Each structure stands twice: as structure tokens, then as C-alpha cells.
Amino acid sequence: MPPASSPGSHVTRFTTLDRAQRVRFRRAVALMVMTVLIPGSAQLVAGNRRVGRIAMRVWMGLIATATLSIVVSYFSHGFAFWAISNTLVLGVARLVLMALAIGWALLFMDAWRLGQPLGLQRQHRLAVVGVNGVLCFSVVAALLFGAHMVGVQRHFMLTMFGDGEVVGAHDGRFNVLLLGGDAGAGRWGLRPDSLTVASIDARTGKTVLVGLPRNMANFPFAEGSVMDKQFPKGFDCDECYLNGVSTWAGDNTELFKGSKTPGVDATVMAVEGITGLEINYWSMVNLAGFRNLVDAVGGVTLTVRDRIPVGLPSDDFYRFIEPGTRKLDGMDTLWFARARDGSDDYSRMARQKCVMSAMLQQISPQDALRNFSKIAAASSEMISTSVPKGEVDRFLDLAIKAKSQKIGTVSLVPPKVVTAHPDIDVVHAMVADAINRAEGEKPAPAPTTEAAPPAEGEQAPVTTPAPVTGGSVGSLKDGYAANQADDLGSVC
């Protein structure tokens, strides 16, 4: 007859079993945590060492590649811009992230198996399943989201930018024609209603905005161009204005054989003839979709100097933007830039330049990253451009440089330019002078002396504040400050 066991032996056995369960539970959790920190380490310690070595080598290789890329990007922004704009690099990165997500998920499953969860107590088994699920889901979800974002960027690059020829800088500057498209009922296509040349220093990013009025007439085209041959004496037909060049070209497409954008091509010829600048690339912005981009970046802060109408009196949403420094959403920013009620075309041009300046200065890389998907979607819908994919990294670099510098502006408008019969020699001189001032050293300020206080009985001189017309500082007679300035931000 076997000896009866004492109560103390039962307690000892249960205590020993409980301690063993806790050790196994901690081991199972440790294997999963090791998989989070160093993929493959769990297999190297308790499983298939060959799998563990392969996983750790892949992980270490990725860490080394990422670290090297960050270091190189820190010292050379151009490398970072190249990486995020090269569709081949983006495609490879997307596949790597997806493969990494699948591989890491398999390592988590194997780590769970190595922890022998079926031999654990019920509460420990449930805890291990929960911990493994949370860790696996978090890591895999983050990687797949990263792959999605890379895919969005790649799609954006493929749909937004073409495979056109890269054009070198002209006299050290890139000249990009920015066209605001005004589509509407009864209008042919997307009519350029706002025309601005951004002349950008290829080395420093220093930018000068050259504004062209849509109602300019009797202007020449680039010498030797198709339009120059059709209008050797200038665009002198009845009711022919600058913003009508694209419509004329659209009605005479046989003159632009092989061109997918005859209207834009003809407009480029006109702008080159007017300004004397060689245009490298163009970008067409659908102003009706511009509001989506502003909303995507969270709005833009502008100084509103007059009540600006939103919509027309016949619209059910008709209202006013009240004066003050305000953060405007896409709808209000669009109308701030486009409203003509109580204004004129040249005041509106000044406001549009203030919007361009604010967008450049206020959109930070953090905002762009935080709202990347919305920005990419809005941009794809509203912009068409001739900038090739191979030039995107260069212009990103120049845009970063431009943020820290003053933006110059010159507009070919009254009182200096008679838009109905512009003196092209004067226009060329205005553009060249604005660019020369931007490229040259700023002259030292002249010495100033304090004004003597008024004598007894005399009145102090009265300082008259600058007039404001249609929301812009200045007047039609004397010109608008934002249309002629070496520092656009200071007059907006």
C-alpha cells in the first residue's frame, strides 16, 4: 500500500507547477517582445536558427540603409527629394514594406508557437494571444500604411508629371508659367484667366513673380514661333486679348501638329514675346479645384484689408469676408483671389500674388506630411503640368530655399504699362530690372536723420495712410504695392 502523501507535499507540487507556468508565460511574452525589437531573435534563441539569421540580417540591412539615407538626406536635401520623386525607388520601397509586413507577421506567428501557448493556463494563454495579436497588428498595420502612403506618392508622380524632356536653366534661371484656368458654361476648354511667370534662380531659389494681365492686347509672340508667323504685327485682331490666345489656338489646332496642348503652347509663345523670358515649363491650375488644396493643408492665413465678397449677389451662399488677419478655408481663399466686385483686375492680380506668397511661406513639410493623401488627391485633380518627373526633386529643393527668402514681384499693368498698346521695350526693361534687383546685392540704406520737431505754433506734418482698393494696398492710378515689390510678403 503506497504511503499517503502529506498535505505539505501537495502544496509544494502546486507551487512548483505554478512557478513553472509563470516562467513559461514570461518566456512566451519575451519571445514576442524580442520579435518586435529585433525580428528573428526569437527564432535564433528558441527556434529555427537559419530563419532567425536570415531575418536578423535583413533587419540589420534595412536599419543600415535607413540610417545611411537619413544621414545623407540631412546633408543633402537633394537626395531626399530624389528618393521621394523617383517612381522606381518608390515602387521598390512599396514592395519592400509589403514584404516586410508579411515576413514580420510570420515571425510573430512562429514566436507564438515557440512560446507553447497550449501548455499554459487558460488566463495565461488568453493573455499571450492578446499580446501577440496587438503587437502583430500594430507592426503590420504600420508597415502596410507606410506601403499605402508610398503607393499614393508613386501614383501622384505618375499621374501628375510626364516624361517630357528636361530643359536646362536660361541665364541661370528657371521660368515657369503658372496658369489659372477659368472653366465655365459656354467657354471652350479651360481658359487661362490668371497668368504669372515664376522666374526662379537655379542656385538660390530666389523668385520673382511676373504678372501678366489677361486683357493685354496688341502684343508680339516669340520670334519665329507658329503664332508669330500668324500675327507678325502682334495679336491685333478684334476682341483679341492675352487670355483668348488659347481659345484661338484651340480653333486652329492644325497649326500645332503633334501637340496635346495647343492652347497652352500658344500662350507660352505669347508670354515669351511679352516678357522676353524663355519659358522652361508650365503648370495649369484649375481655380475651381484650388479650394480643395487649401482645405487639404488646413487653410491659409491672409490679411484682409477690405470686405471681400464670396460669390455673387445671385448666389444663395453670398456673403463677405470681413477685414482682419484671418485663416481662410478653400472657399474663402478662392474668392479672396478672384473677387472683382468693388475692385478691378489689377487689384485682383495683387491679391492673387499675396495668396501665392502665403501658400509658399505657410505650408510646412510637417503640414504636407500630415495631410499628404489629401494634398496628393487635390493636386492630381487640379493641376496639369509639363514639368517632367526628373525635375521634381530640383524644384522641391528650390521651393525649400525660396521659403527663407523674399519674393520679388513685377506686374505688367497700369500705370507703367498701357495694356491695350503695351510698349514691349518698356515691358522687357521692367522684367529685366526686377530680376536684376533680385539677383544683386541689396544697396546699403541711405543715412537718415531724425526730423526736427515742429517749431512752436507749427503743426506736425500729417502722414496719409496708403489707400486700399478692392482689398489691395494702392490704387488703379498709382499702382498696387503687391504688383511691384522687392518683398512681396511685406506689402501683403
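Biologist: Which residues touch the most other members of the largest nonpolar core?

Modeller: Phe219, Phe221, Met227, Leu242, Val245 and Leu412 do, in a core of 38 residues. Please keep in mind that this is a predicted model, where local features need pLDDT of at least 70, side-chain atom pairs count only at pLDDT 80 or more, and totals for chains, interfaces and linings use all residues. Residues are numbered from 1 along each chain as its sequence is written, and side-chain values use heavy atoms, with hydrogens and water left out.

Biologist: What makes a set of residues a nonpolar core?

Modeller: The members must be buried Ala, Val, Leu, Ile, Met, Phe, Trp, Tyr or Cys residues joined through side-chain atoms within 4.5 Å. Buried means under 20% relative accessible area, with exposed over 50% and partly exposed in between (1.4 Å probe, protein chains only).

Biologist: What does Leu412 contact beyond its neighbours within four places in sequence?

Modeller: Its partners include Val210, Gly211, Leu212, Ile274, Val427, Met430 and Val431. A contact here means heavy atoms within 4.5 Å.

Biologist: How many disulfides does a search of the whole structure find, and how do you know that a pair is one?

Modeller: The search finds two. The test is a pair of cysteine sulfur atoms within 2.5 Å. Cys237 and Cys240 have an S to S distance of 1.5 Å, while for Cys354 and Cys492 the sulfurs are 2.0 Å apart, so both pairs pass the cut-off.

Biologist: Which handedness do the links have?

Modeller: The link of Cys354 and Cys492 is left-handed, with -85° about the S-S bond. Cys354 sits in helix α12 and Cys492 in the segment after α17 (488–491), so this pair ties together parts that are 138 residues apart in sequence. The link of Cys237 and Cys240 is left-handed as well, at -100°.

Biologist: Why is Cys237 called partly exposed, and why does Cys240 count as buried?

Modeller: Cys237 has 26% relative accessibility, which puts it in the partly exposed range. Cys240, at 12%, falls under the limit for buried.

Biologist: Why is α12 called roughly perpendicular to α15?

Modeller: The axes of α12 (345–362) and α15 (392–403) cross at roughly 100° and come within 9 Å. That angle makes the two helices roughly perpendicular. The classes are under 35 degrees for roughly parallel, over 145 for roughly antiparallel, 65 to 115 for roughly perpendicular, and oblique for the rest. The axes themselves are lines fitted to C-alpha atoms, for helices over the stretch in contact, and angles run from 0 to 180 degrees between N-to-C directions.

Biologist: Which residues make that contact?

Modeller: Leu360, Gln361 and Gln362 of α12 meet Ala399, Ala402 and Lys403 of α15. By class they are three nonpolar, two polar and one charged. Nonpolar covers Ala, Val, Leu, Ile, Met, Phe, Trp, Tyr, Cys and Pro; charged covers Asp, Glu, Lys and Arg; the others, Gly among them, are polar.

Biologist: Why does Asp345 count as buried?

Modeller: Asp345, found in helix α12, has 17% relative accessibility, so it counts as buried. Leaving out residues up to four places away in sequence, Asp345 touches Arg214 and Arg340.

Biologist: And why is Ser373 partly exposed?

Modeller: Ser373 has 31% relative accessibility, which places it in the middle class. This serine lies in helix α14 (372–382). Ser373 and His148 are 225 residues apart in sequence and 9.7 Å apart in space, C-alpha to C-alpha.

Notes:
Helix = DSSP H or I, 4+ residues; strand = E, 2+ residues; numbered from the N terminus.
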